[in-house]
Structures are given as structure tokens and as C-alpha cells.
Amino acid sequence: MELRKINKNDAKAQLEYTTALPTDENGLTNPYNGVSYDDYIEKVLPTLISYEHPVNMPDWFVPETYYYLWDEGRLVGEFRIRHHLTEALKSGAGHIGYSIKREERGKGYGTAGLKLTILEAKKIIPEDEIYLRVNKDNIASRKVMQNNGGKIVGEDDGHFFVRIPKYFDCGNAG
Ligand SMILES: CC(C)(COP(=O)(O)OP(=O)(O)OC[C@H]1O[C@@H](n2cnc3c(N)ncnc32)[C@H](O)[C@@H]1OP(=O)(O)O)[C@@H](O)C(=O)NCCC(=O)NCCS
């Protein structure tokens, strides 16, 4: 299993994933649901790649790197790391967002993919803790976080706020 940064060589598999990912599933948003091959190659892929080193983006935009989880030649999930917090991210979506391909869920990929993503996040983010947020009714995602050392530190009407200390050793999680 490996986490691969978004890239042009994997365009076909990434497109298939992106075009099938719902517009909003449990707060994980995707404005590119249903995108065509041509649009993906010409616009969406260059845009998503550029988010790591944003150019001409508004001040509030935090650099974000997209990764895909691969297992035995299959792309099974997507993980996004926002490089640092803002006030909006602190009380919102936090550092990391993820999803697993519908037919690959419940096989441990969410847990294993977050573990690999945390290893990357530790190299990028300056904060001492990784901030995450999960809808209260999203049991699977909450478990993915808790399997990786996530602790619930607060809540609002619809969400739990979860943090993972950067020094937490995930051990054999996943
Ligand atoms: C949340 C998500 C990433 C989980 O991925 P996954 O690959 O199914 O996760 P895992 O297989 O590692 O399962 C983690 C735990 O959740 C449990 N689980 C999986 N699907 C479940 C379901 N539908 N209902 C209840 N529990 C579930 C697993 O049994 C496992 O439990 P365990 O830790 O006690 O063994 C996936 O369901 C998904 O992509 N959902 C849509 C997008 C989303 O919600 N993203 C997260 C936003 S915060």
C-alpha cells in the first residue's frame, strides 16, 4: 500500500476517482463530481496540483496537497493535507480530509491511509497537533481517527473536533 502525491501519470485513475466522488459526502466536498476527461486534464488536474504552491489565490487560501492511496495497482482513496491552520480551519475542517472509494470501504483502507497521511502531515504542518473534524453521525470516520490516536476535544451541534498529537506513534494501526 502506498500514498502517492497527485500527478500527471496517474491522471486516468485520479479522474475516475474524482468524477465519481460525490459533491458533498459527510462534509467532504468535491466540486468536480462528473467532470469530463478533457476538463480534468486541461483544468482540474493542473489546478489541484497547483494547490500545493498556490499562485494568484486569495489570502485565505492555505496550501493543500492531494494524495491518493494505492493498493496492488488500484487507486482506493484520496487524502488531502492543508499545510497549516487558520482561524477558520481551527474551528472548521482542520488539516486533513479523506475519502475511500465506495466499493473499497470497510476493508481498513481509511485507517491505513490516514496513518500514512499523518506521516506526511508531520513533515509539513507547523502545529503540534493535527486537527480533524467529523460529523457526529459518521461513525466510520470517527473510528478511522481514533484508530490513529485521535481524541475528541470538543463538539458543536453537528460535529466532533478531534486532535492527534504529532508525536503519537500509530504503531500497527491498520
Ligand atoms: C469514512 C471513510 C473514509 C472510512 O473508510 P473505510 O476504509 O471504510 O474505513 P476502515 O475500513 O478503516 O474502517 C474504520 C472503522 O469503521 C468501521 N466502519 C466502516 N464502515 C462503517 C459503517 N458504514 N458503519 C459503521 N462502522 C463502519 C469499520 O468496521 C472500522 O471499525 P474498527 O476500527 O472498529 O475495526 C469512508 O467511509 C468514506 O470515504 N466515507 C465518505 C467520506 C467521508 O465520510 N470522509 C470523512 C469525512 S470526516
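Two strands are said to pair if DSSP finds at least two bridges between them, and the strands and helices themselves are DSSP runs, numbered from the N terminus, with at least two residues (E) for a strand and at least four (H or I) for a helix. The structure described here is a predicted model, in which local features need pLDDT of at least 70 and side-chain atom pairs count only at pLDDT 80 or more, while totals for chains, interfaces and linings use all residues. Residues are numbered from 1 along each chain as its sequence is written.

An open sheet of 3 strands has the order 7-9-8, and its pairing is antiparallel. Strand 7 (129-135) and strand 8 are the edge strands, each with a single partner strand, so one side of each is left without a neighbour in the sheet. On average, and with direction ignored, neighbouring strands of this sheet are turned by 30° against each other; here axes are lines fitted to C-alpha atoms, for helices over the stretch in contact, and angles run from 0 to 180 degrees between N-to-C directions.

Helix 5 packs on the sheet, where it touches strand 7 and strand 9, and its direction makes about 160° with that of strand 7. Contact between two residues is taken to exist if their C-beta atoms, placed from the backbone, lie within 7 Å.

Strand 8 (residues 151-155) and strand 9 (residues 159-165) run antiparallel and are joined by 4 bridges, and a hairpin leads from strand 8 to strand 9 through 3 residues. Within this pair, Lys 151 stands opposite Arg 163 of strand 9, and Glu 155 has Phe 160 of strand 9 as its bridge partner.

## Strands 1, 4 and 5

Strand 4 has antiparallel links to strand 1 (residues 2-5), through 4 bridges, and to strand 5 (residues 74-82), through 8 bridges. The hairpin of strand 4 and strand 5 has 2 residues between the strands, and in it Glu 72 takes a positive phi near 45°.

Tyr 66 also belongs to strand 4 (residues 64-71). Leaving aside its neighbours within four places in sequence, Tyr 66 is in contact with Ile 6, Leu 48, Glu 78 and Arg 80. The C-alpha atoms of Tyr 66 and Ile 96, which are 30 residues apart along the chain, are separated by 9.9 Å.

A residue counts as buried if 20 or more other C-beta atoms, placed from the backbone, lie within 10 Å of its own, as exposed if 12 or fewer do, and as partly exposed in between.

| Residue | Other C-beta atoms within 10 Å | Class |
|---|---|---|
| Tyr 66 | 20 | buried |
| Asn 26 | 13 | partly exposed |
| Glu 87 | 8 | exposed |
| Asn 56 | 6 | exposed |

Glu 87 lies in helix 3 (residues 87-90), and its C-alpha atom is separated by 9.9 Å from that of Trp 60, 27 residues apart along the chain. Asn 56 is found in the loop between helix 2 and strand 4 and has a positive phi of about 55° although it is not a glycine. Asn 26, in the loop between strand 2 (24-25) and strand 3 (28-29), has a positive phi near 55° and is likewise a residue other than glycine. Most residues other than glycine have a negative phi.

## Helix 1 and helix 2

The axes of helix 1 (residues 11-20) and helix 2 (residues 37-50) come within 10 Å and cross at roughly 100°. The two helices are therefore roughly perpendicular to each other, a class that covers angles of 65 to 115 degrees. Ala 11, Leu 15 and Thr 18 in helix 1 meet Tyr 37, Tyr 40, Ile 41, Val 44 and Leu 45 in helix 2. By class, this contact has 7 nonpolar, 1 polar and no charged residues, where Ala, Val, Leu, Ile, Met, Phe, Trp, Tyr, Cys and Pro count as nonpolar, Asp, Glu, Lys and Arg as charged, and the others, Gly among them, as polar.

## Around the ligand

The ligand is surrounded by 22 residues, of which the closest are Asn 26, Arg 105, Gly 110, Thr 111 and Lys 143; a residue is near a molecule if its C-beta atom, placed from the backbone, lies within 6 Å of it. Strand 6 (96-100), helix 4 (109-124) and helix 5 (139-147) are the elements that give two or more residues to this shell. Helix 5 provides the largest share, 6 residues. The residues of the shell divide into 8 nonpolar, 10 polar and 4 charged.

Methods:
Parallel < 35°, antiparallel > 145°, perpendicular 65-115°, else oblique.
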